[in-house]
Structure formats: C-alpha cells, structure tokens
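Here is a short briefing on salt bridges and chain contacts. Please have the sequence and the model open as you read.

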Number of protein chains: 4
Amino acid sequence: MTVSEVLRTQRIELPSWAFGNSGTRFKVFAQAGVPRDPYEKIADAAQVHRCTGVAPSVALHIPWDKVADYTDLAAAAKDDGIELGTINANVFQDDDYRLGSVCNPDPRVRRKALDHLLECVDVMDATGSRDLKLWFADGTNYPGQDSIRARQDRLAEALHAVYERLGGHQRLILEYKLFEPAFYATDVPDWGTAYAHCLRLGERAKVCVDTGHHAPGTNIEFIVSFLLRERKLGAFDFNSRFYADDDLMVGAADPFQLFRILLEVRLGGGFEPDAGIAFMLDQCHNIEPKIPGQIRSVMNVQEATAKALLVDVETLTAAQLAGDVLGANAVVMDAYNTDVRPLLADLRAEQGLAPDPMAAYAASGHAERIVAERIGGTQAGWGA
Amino acid sequence: MTVSEVLRTQRIELPSWAFGNSGTRFKVFAQAGVPRDPYEKIADAAQVHRCTGVAPSVALHIPWDKVADYTDLAAAAKDDGIELGTINANVFQDDDYRLGSVCNPDPRVRRKALDHLLECVDVMDATGSRDLKLWFADGTNYPGQDSIRARQDRLAEALHAVYERLGGHQRLILEYKLFEPAFYATDVPDWGTAYAHCLRLGERAKVCVDTGHHAPGTNIEFIVSFLLRERKLGAFDFNSRFYADDDLMVGAADPFQLFRILLEVRLGGGFEPDAGIAFMLDQCHNIEPKIPGQIRSVMNVQEATAKALLVDVETLTAAQLAGDVLGANAVVMDAYNTDVRPLLADLRAEQGLAPDPMAAYAASGHAERIVAERIGGTQAGWGA
Amino acid sequence: MTVSEVLRTQRIELPSWAFGNSGTRFKVFAQAGVPRDPYEKIADAAQVHRCTGVAPSVALHIPWDKVADYTDLAAAAKDDGIELGTINANVFQDDDYRLGSVCNPDPRVRRKALDHLLECVDVMDATGSRDLKLWFADGTNYPGQDSIRARQDRLAEALHAVYERLGGHQRLILEYKLFEPAFYATDVPDWGTAYAHCLRLGERAKVCVDTGHHAPGTNIEFIVSFLLRERKLGAFDFNSRFYADDDLMVGAADPFQLFRILLEVRLGGGFEPDAGIAFMLDQCHNIEPKIPGQIRSVMNVQEATAKALLVDVETLTAAQLAGDVLGANAVVMDAYNTDVRPLLADLRAEQGLAPDPMAAYAASGHAERIVAERIGGTQAGWGA
Amino acid sequence: MTVSEVLRTQRIELPSWAFGNSGTRFKVFAQAGVPRDPYEKIADAAQVHRCTGVAPSVALHIPWDKVADYTDLAAAAKDDGIELGTINANVFQDDDYRLGSVCNPDPRVRRKALDHLLECVDVMDATGSRDLKLWFADGTNYPGQDSIRARQDRLAEALHAVYERLGGHQRLILEYKLFEPAFYATDVPDWGTAYAHCLRLGERAKVCVDTGHHAPGTNIEFIVSFLLRERKLGAFDFNSRFYADDDLMVGAADPFQLFRILLEVRLGGGFEPDAGIAFMLDQCHNIEPKIPGQIRSVMNVQEATAKALLVDVETLTAAQLAGDVLGANAVVMDAYNTDVRPLLADLRAEQGLAPDPMAAYAASGHAERIVAERIGGTQAGWGA
C-alpha cells in the first residue's frame, strides 16, 4: 500500500472515558461541559471523528458506560456517524476488589468478577463488538500478602472461562501493566506474562500494548516487533508518559518513540487490513480540555504514522545488510525529520475535511454548546 | 549517647491523614471505623503512642484537619497523652489549583494559595507547632505549558512571604518530589531545588526528605549525609516504595535502605537532641488496617535505628581508612544482620510497655470499639 | 525437606572469571595474585569450596578458559575437590562481533559465532557438563541500525542448530539482559523473549535469570515464580546491582530482594533435588579481593536461603487466604528478621568446617601464597 | 538576536577522545585510521570543522593528550583552522585510583590526584584555555566502604586548592554523574551536589550538565533552566542515552528532549554572547565511524537549536499566562515539527560551506587517507 492508502484507511478508536473527568489520587479537577451519560460521550467522540475523519469508533468501559439498551446506544452512535468498538471490563472500582478481582483469595469475589467479565461478553453480543479488553488492577502491595503463584492459577482459570464464552469472531485482548494500583507485585506485569497466558488460551487471545505501562528503559518497539512476529499483537492503548502511567496525550512526551513504534508496526505488516491490530487511544485529560485533547492525539498518531510510512525501506535494508550503522540510522531519521503536516492537510482536503482539525473544532461551536447544555448530573468514569 | 539512650529518646511523629481512607486514582477503598473528624484522628494516634511509647505527636494537614478551636484540639491531644506537631499546608485540592498554587500563572490563585499558607502559620501560633511543612503539587504536564523559570520566580516570592511571617522559633520545611501529580515538570523536583531555595530564605528554612520522592537509582542516604553536612536537613517523611511514590509502610520495600539512611543520620549527628531533625511517617494504608499499619511502621523505624546504632563505628572507620572494602562493608552488615527485636522488647518492658506493640493493640479492643462507634459522617483526607 | 536438609544439599556454582581481573570501561584495576591460567582459577574456586562446603563446581567461559585437554582440566578439578560445571559461550570479544554474533547481518560472522557455540558443546562432551549457558551481547545502538525482526529470525536459527547438537542429557540455558553492551535494542532483552524462544526449542531449553539484568522496578521474584510454574526456569546468575548490571556481590545491594527471590524458589519447588535449577554466582570483584568476595557471596546466598526456609508457610497461607495483609507480611518479615548466622555456623561445624568461612580463608595462607607465586603471565577474562 | 544570527555564532566544541577507539567493558572494537597521537586527533577535529563550520575548537583530555610542547600543539591546531579548548582532567585511569582520587582515604593518592589537577592548570596556561572540566570517577561500590561525609570534606579541600590556583580568567567546571564507575555512592552524583560545591568556591566555578548523567525520569531541561536562573550553568557535555551513560550521538535517542533543553537555554539567555556557556560534545563512537559520527552530532545540535529558535515566544507567553495548556504546548510543538534542514543548508551555503556536511566529508577523501596513512602506533584514550 502507498503512504496515502494507509493513511486513508487508518482507524483510531477513541475511549469513551477520555471525555469524562479524570485526575490523580490528589485531585480530580472538574471541567464544564463533560458528558453526563454514555450518549453524551458518544456525541463528543463523534465530534472528534467529524474533525479528523479517522476516528469512527468509540470504546466502552463497563460499568461506566452501562445502559439499559445497548442496541439503542449503538443506533445513537450510528446516527452520529460512528460505531461502538472495544468493550473494556472494569473489575477494580468496588470495595469487594480491595485484594483483587479474578485473583482475589476469596472465591466469592472471584466469582463476582468473572460474572462481570461474562456480562461484558453479553454486551459485546449486543453491540457487535469484536474485542474484549481485559486489564486487571490485581496485585499485591506487600511481600507475602498473597501467593504469586496461586494468583496466576486463579487468573488462568478466569481467562479460560471467558475465552470459552466468546463467540467465534470475538477476541480476548489481555493488557499488561508494570505497577499501579498494585505496588509490590502486579498479576500481569509485562508482555511476557500476557503472552504466555494468551498462548495457552488460543488463536483469538492477543496482547494489548499500552505505551505507558513499561518500566523505564524498556524498548517498546522491540515488544511490538516481537509480538507481530509471533502473531500475538492484538491492540494498542496509546498515550504517553514521562515517568509512570501518566496517561498524557500520545506523542506528547516522546514523539520519536511513537514514530519508532509505528515504524515497527509497518515493518511487521501491522497496517495490513487483515492484521487485526486495534489502534486505540487510552488517555486522561486531567488539566487540558478533553475533546481538543483527543483531536490533538489523533493527529499525533497520524503524523507519526505518516513519518513511519515515509521511511525508504529498500534503502534502509540495503544499509542494514551492509553494516552501515550511520547510513541505516540516517534513513530512519530522514523520515522522522520530515514535516508531514502539509501532506496530512492535503489528505484531509481531498476527503472533504478541514485541513486543520483543531481549528475546525474551535469553529464548530461544540465546546460552547456542551458547556451551556450539560448542566447538572454526574458522570461516571476514571477517577470519579 | 548509648544505643539505649538514643532509642529511649527517639520520637516518631504520626500523620493524622494516615488514619483516614486513602487510595489510588483507581479507587479509594473504604474501611470501617475510620475517623470522622480531627479529634478521632488524634484518638487513633494516641492509641499508636500507647502501644509503642515513641510516637507522642501527630502532624496536622490543613484544611483536612481544620477545626474551630485549635487550642481545644491541642488540649484534647494532651488529655490523650500526645501533642500536636507539624502543620502541613494543602494547596492542591481545590479546582482553582488546576494549574498550580503558588506557581500558578494567575495572580489571583497565587494570592489565594499564599493566604492559605499564612493561615497555616496562624494555626501554628495556636497549636504551638514548630514546623510548617510545605509540599507543592505544582508543576506542568506538557512541555511549554508554562515557563519553568517564571514559576521559580513565583515560588521564591511565596516562600519569602511565608518565611517573613514565621515567628522566631518556627521553621519552614520544604519538601521535594520528583513527579506526581505533575507529570512533565515539577516545581520542586529534587533536593537541589529545595536546598537552593532554603539557602536564600535563611537559617530556619530546611529541607524535608520524603523517602518515596526520588528517581529510581537515587542514593537517598547520600542526600541525607550531604544535607546534614550542610546543616539543611529538617525532617523526614518516612514511607516506602517499590516504584513511584507508593506510600507503603516504611521499611516494607527495602529495609536495608532504611537502615542505611538511619546510619547516615547517626553518623551525621542527626540523633543528637539539638539536631532538630523531625522524624515523621507519611504513608497511606490503602488496603491494610490503618492503626496497625502505623504501629508496624513505627516499629520498623525503631528496628532500623537500633541496627544503625549497633554499627561499630570505630572498627568501621579503621577499615575505611585502611582501604579494606570487604572489612568495612562487613562491619555495616554485621549490625544489619543482627536481630534487634529482643533488645527493643526489653526496652519496652523497662518502660512499662507491652513487649509486642502489635499484640498490645490487638488486645486493646480499640479496633472493635471504633468500628462500632464511628458510624456515619465522612472523613476528609487523602484521596477523599 | 527440613531447613537443615536443604541447606546441607544446597550447591552454589562459582564462575571461573570471578577470580580474574575485571573492571568497568573506565579502568580494570589489576590485583596481585590473580590466576594466570584456567588451572589457577580452579585452584581458587577449590579454596572457596574448602572454606564454605557448598561450592563444589566451577563454571567455565570459553574461550577465556580454553585448554588443550579438558579431561586433564576436569581431573585437576577433581583432585582439588571440585567439578567443572556450566559451559558459558563467549561470542562478544572479537572484532568480528562489532555488529553482533548470531544476529549479525553478515552470514560469515553468524557462521563463525555458531561454530563457536557448537565447539562449546564439544567442550561439554569432554567435561561432562550438563548446561550450556548462552548470553548474547547482540543488539543495536541506533534506531534503524538493523532489523529487529530479521535479528530474531537469525537468533532462532542459531538456537535451533545448537539445540539439535545437544546430547540427550544436556540443556541449553538462555540468558536475557535489558541493556549493555547494546544500548538501543538488545536481541534477548527480557524473560519473555528468552521464554518464547525456549518454548519453541523444547523441553531442555530453559531460561536463566541473572539478578542484575532487569529494568528498574522489575519484580524479579515474580519472574522466578512464573518461570517455575511454567517449568522453564533453568538457572540463576547471582549478583547484585544498585543501578545497572553492576555485578556486585550478591546480597550486597538489596538483601531483602535476594531473600524474596529464594522464597519464591522454595515455594515453587525449586530446591527439590529434581528441579534442575542451577544456582550460580556471576559477579565481578573490581575493587575488592576476589576470593573473599566469592566466599562472602556464597554466604549471602546461604543466609538468604536459610531465611527463606524459615518462613512458616502454613501460617502464611492461612493469613493469605484470610485476606490478612499485615499478618501475611509479618510471617515473611519474621523469617527475614531472624539472625541465621548461628544456625549456619552450627551447620558448618557439623560438617567439619570452620564456622566462619571468611576467618578460615584468612587463616589459610592462600592469599599470601598466590601473591607470592603468581608472578608474570597474563590472565584472560572479563574486561581484560 | 535573530534565528540566523544565533545559528551563525553558535560554537560546538569537539572532544579529542571521540576520535580514538572506545567501547564498553565487554569489548573495545578497533577501527582503522584512528589517530595515533594528539596531533592526529586535532587533524580529525579540524576536518569536522571544515565540513560543518561551527566546530572550531577541540577539548583535550590529560594525560591522554599529553604532549611535550602545548604551544606547538596549539599552533598545529591554529594551522588547521581550529583552537584548543577545555582541558579535561583524568584522575581515574591509574591503579592508585582504585578507591578514588581526590576523595581517596589515602592522603598520598589524594595528593597525587591534586597534583595532576594543578598540572592541568599549567596546561591551560600554555594552551590559553578558559575552562578546566572536572569529572571524578570517585565513589564507593559497597555500603560502608568509606565515609560519605569524609569524602565530601576531601573533595571540598581539593576543589578549593584548584580554584585558588586558577588565573583570573579561568573557570572550574564541575561535572556530576549518577553512577558508573562507582555503583553504590558517587561523590558528585547530581546537580545539587555540584551546585553546592560551586557556590562555596566562587563566581568562576560553574556546573557542567552532561545529558547522559541522570537518573531515569529526570527532567534535564528543568535543571538547565534552574542553573541558568542561578547563573551557575557553565557547560554542556552533549551525548544521548537510552538507559545509562550510553554516550551515543547527541540527539539520537531523544531528539525532542535535546530540543527542549536548547529551548530552555534560549529562554534563559544562554545563547547570549556573554552567557559563557560552553557547548561541547562528549560521546563515544563504539560501532560507528568516528568522524562522521561527530559531524552528524554537530548537525543534530544545530537542528535542535534552530527549532528552539523558531519557537514564537511572544505567542507562547501569552498562551501560558492565559492558562491555555494545549495552545502553549502547540506553539512549542509547531517549532519542533518544522523541518529545519533547508534553513541550515541555506545558512551553510551562505557561508561558503557545502549544504550537506555528511556528503562533504564523504567527498573529502579524508576517511580513505587516514586509513591508508595511520598504520601502527597505539592511541591513548577512552576504554583503551
């Protein structure tokens, strides 16, 4: 595929929770105009898609986005020009989960958590979603607090039960995270753990790479390349971080790293239509406005993708095989140093979009409208 | 001073907020029996002191511990056998502080923050507290968001105003922290920054070392040694961490590090009565019960202190000067590998305390009492 | 098995290279009396075993320990009371390996590296060694320098060729390392990569955990527990580190971590006779004397093992299942806080050894002897 | 100053040791054509200047660059179009320095080290150099090995003796480094330590920021901004790193960070002619050819500088004061995303240089010439 073809077909999924309030343990700062229910989150996501043209689906978080009728929610999304996407299970925001969910030493709590996961598959059936994304806050804070091994056994049991329940076109996407909220041992702390579990589950179990979930010094693009080689990469949760799981706008902290990751996606065939990689944002907008934060993030992924596509792979490979260290590196840097904004502006114009999505949003009046209309109510979500 | 003399005179201050609920951005798990007001926090702190004998004061956090009459609060503490200690200012839990407090680009918000700091000195006047502890959540999340330098200017201005307001026996203790809740740049990120500001302020401005606030790989005992040499170490906030500012029980993650820190305190004269070092806990008990969590932490500091005092400094120095690497290290390890629990049990018995504070607490009935009595109400605090 | 039984049967392998000079890129400091050939390294290792009683084998590094006749070397070891152990291949100290060994873009270099690996199996046949330990310095320093994926293909090819060559009782042990000497991407950077390759190779391919080879914040005991559960843990390379691959004496930087690792070994059955876990030191003694450095390290592993064996697992499990966070942690800490040195001194006395191995070495006159005798010659090894 | 004016006056000093062989503790790979003496290093540096036009001086490392007659060396440099610059003292490559140089417990070794530092000032007198750069490999590997505090006292004493010896126009530049080659405690581990010592020394003692010498997660541009505000920033040692002190080509690992650092230099007035900031490369070219590695690095600094100069500070400040997080960040990102290579090519053309320095070097024949001519001899330097 050509650069333009890939860019035209690229799809970036938005997380419904990015539109709600979020924060740190120190404070959740309230913003005016945030959605009061899942329908309003979808309206905001649709607005991002209208401005960017490449964000036609929105991921849900259950129970934050629980509604009485998911068919109706899907219809509302469709009316607004987008679709419902990945279903994210949440088994961490209940007092019962103090010592974990599916890894909890108490079988009653494990059963409750598993029931929620199975309920999420019901939601998928209703929404037509392909992917169930599982991230577990499970882990321990103190050495000895629980058996590391017993928790793995419990985890494996729950994953198998969920995998068995999936329909033939549905996938289980297992996410890993180094630390937080567990501080001593996390039950799925790294890609190796997620990979090993997915391997036992079967073909439709894949690993999700969240770009903020690694130890300092980890080479994320290596993991991406390795998982693509093993056909076990299922999805990205994009965001960026300077230190921990900061959940900043993707590309804000290390745009060169984002480019390198997307270059490995390209080199590993991950942009091919049948590769089945879900590209999703997973971010918090704690202090900046949320919809423009999403638009900017979508643009950052697009720009990094464009640069990755500009790499002259033939010349690169020749230099690599010749052992030309500086020459090979220069091929990659040439693409990275290119200003791809004009190219993307042209592409948008071709598709009938405004060349500058941020300006388009500012001109849309949406920001003022939601501040005026969305009075009262509370929103459920991240950090709420 | 002998080992026993130091251990007998050691004082560890408790943080009022350790008795309230706390958590991560993902969830604050509620515990039964948590205090509903500052008086109940003081009752819990007094219980810790009754069991350990070395925790006779409690630090307040304003406005979490705001009361109408601080003289009355101090009297209540005295009745329960303890005192009010350090006053901690809180300028991060208000929507106004989204972009910072004393470093905020908006002069109105800066004024509001400064007024709160000055109000805290009023509280100190009422409680008779010596120390004002300042930790600022100020910083930025994105490159360019604000001027790093202008924020330093604003910080310096606020610190000077507060320092001017202090009475002659009062001290300003400036705390640093690498990251969180600011993710890109924190306005007082390291000891060097705190030290430089304190140097300009004057004699009664000192640095607080929070053991969880450093980058990975930082040698904390070096900082302690250096600040003692410069006479600029004012206080410790003890806790422990595996990765970030985990706020686990001190000594839980790396007991050898705690020992090394306390050894440098000893070697730098920090246990001398006139050294003026405040030893304080600053922790969260997210999943474990709070009062036993505090008792265990006090014991961990005591045990590490005892080991530090057992180091044979004369032999150590001789080995160091002889360039005997293994010999010098062995002197330190010998002390660390000693089981000091019998020594501390004896010391408690001598002072009329139960030898095992944890057992003493379990036997006290306090845990059952507070669960039964403290029904209704809400508590203000950390993560609340 | 009882505590004493395990301690009596514990075996810790010594690395021949620990007895030679070593250093950093800045300087290799020469020490008097270092071995001039493999036979003298074996003599030093035998001395460590005479003092400790639990270090009856020595690992070789080829070509550093290349000799004309390995049968003769094995006989010399046997005469001195020890055995030859693991064979470590070295494919990083030749100008040809500038861009890697088995992952090099140049097929000629790959062939040369593979030939060396196969030659190491020949050595194993001669020495009767069970394990071939493979650590590759392969990787890249700059983005784009070489194809991450092609290097994995080359690695897999070489590993398969070596695995095919092994005799039925021989094992391939694959070691991972985060960084150094490659700075951008390492070809086997983490346990997940090593595990995935071993899985494809077969039953007798196992992972080696070097305690110094992880990113900051990594929970090593989790990896140990996970690999034991997967039956893929083959060996340990013990050492310790404050920041990077510092290669300090094991237990010197974080004795609590070493204890936790050995506790997971115990809980996962890794001390069982048929578990097949090789416990080995892999250290540098850059500034301290080498033989005492090894003795001290052996003792550190013994002490941490003894503490791990003292953990009351029944009480621990009960507390874990009851969700008693502090209780479970206390069981672990009680064992850790115990002074096990008297227990180990008794055990040595029982076995006819001096109770204090360091004093025994000092009294042996070996140190003075080697300084006097080993004049001239050069030693091959680490950093040499 | 305008963008072009700053770029035209920018000066980047080259390190003589970058032209010699270098490596890791695992291997120093030899390259053909490396200099055999300081004169040949200067010839290589001059070549870099001929291609880039902004690298007119070369820093020396004593004793690596020891010559009989420094006036003659300076004349040779002048003949080749460049100057001798900063003098770097080396007190780490002698067996005497096993336990440190100026911090060594042995007064004889301290004296030897100090004598070398004073000798370096003699060299400065001969070469006309302004700056003495001091980096100490001093530190300890094991807790207890030496007194942290006594080592600070010894350090302070040596620094004072050197500072006293300086001529009125000469400066002492103190460099800090987190770890390596010392692994437990480094005697000047962070900017705070260097700053505190410089403060006591006086006006002409300044701090050097080496971009590779920080703990993970450290915000380097904050340090740069802070030191500029304190008028204590003296120099940069540019290089880049993914994990530790990797010493890769500056800008290779995180070009966005390099840009942010240079933006703070600009905002703090560090490009002003009288700011006195020395911009220097300090790198190793372990696997890539050395002269092109230096050229590429010079270009990377130029490009990042150009981007930093393109930031619209007026708009930025307005957005910052308005609390417009996304707007302010966008101003910075707009400059960063600009392709400045055409601008720099024009600037070179204007100055009579080839627009592409890498191509100019390839065309110069220098590479072939040195390989042919420089046969035999050994070079002294990094890792040698």
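Asp80(B) and Arg50(B) form a salt bridge, their closest N and O atoms being 3.3 Å apart; the term stands for a side-chain nitrogen of Lys or Arg within 4 Å of a carboxyl oxygen of Asp or Glu. This is a predicted model, in which local features need pLDDT of at least 70 and side-chain atom pairs count only at pLDDT 80 or more, while totals for chains, interfaces and linings use all residues. Residues are numbered from 1 along each chain as its sequence is written, chains are lettered from A and ligands numbered from 1 in the order in which they are written, and side-chain values use heavy atoms, with hydrogens and water left out.

- The Asp80(B)–Arg50(B) pair links distant parts of the chain, 30 residues apart: Asp80(B) lies in the loop between helix H3 (70–79) and strand S5 (83–89), and Arg50(B) in helix H2 (residues 38–52). Helices (H or I, at least four residues) and strands (E, at least two) are DSSP runs, numbered from the N terminus.
- Asp80(B) is partly exposed at 25% relative accessible area, and Arg50(B) is partly exposed at 45%. Here buried means under 20%, exposed over 50% and partly exposed in between (1.4 Å probe, protein chains only).
- Glu180(B) pairs with Lys177(B) in a salt bridge, with 2.9 Å between the closest N and O atoms. Glu180(B) is buried at 15% relative accessibility, and Lys177(B) is buried at 3%.

**Salt bridges between chains**
- A network of salt bridges links Arg25(A), Lys177(B), Glu180(B), Asp245(B) and Asp247(B).
- Arg25(B) and Glu180(A) meet through their side chains in a salt bridge (3.1 Å, N to O).
- Asp245(D) forms a salt bridge with Arg25(C), at 2.7 Å between the closest N and O atoms, and both residues are buried.
- Chain B and chain A share eight salt bridges, while the count over all chains is 128.

**Where chain B meets chain A**
- In contact (heavy atoms within 4.5 Å) are 45 residues of chain B and 45 residues of chain A.
- The two chains bury about 4,100 Å² between them, 63% of it on carbon and sulfur atoms. Buried area is the accessible area (1.4 Å probe) that two parts lose on being put together, summed over both.
- Arg25(B), Phe26(B) and Tyr243(B) supply 24% of the area that chain B buries against chain A, more than any other three residues.
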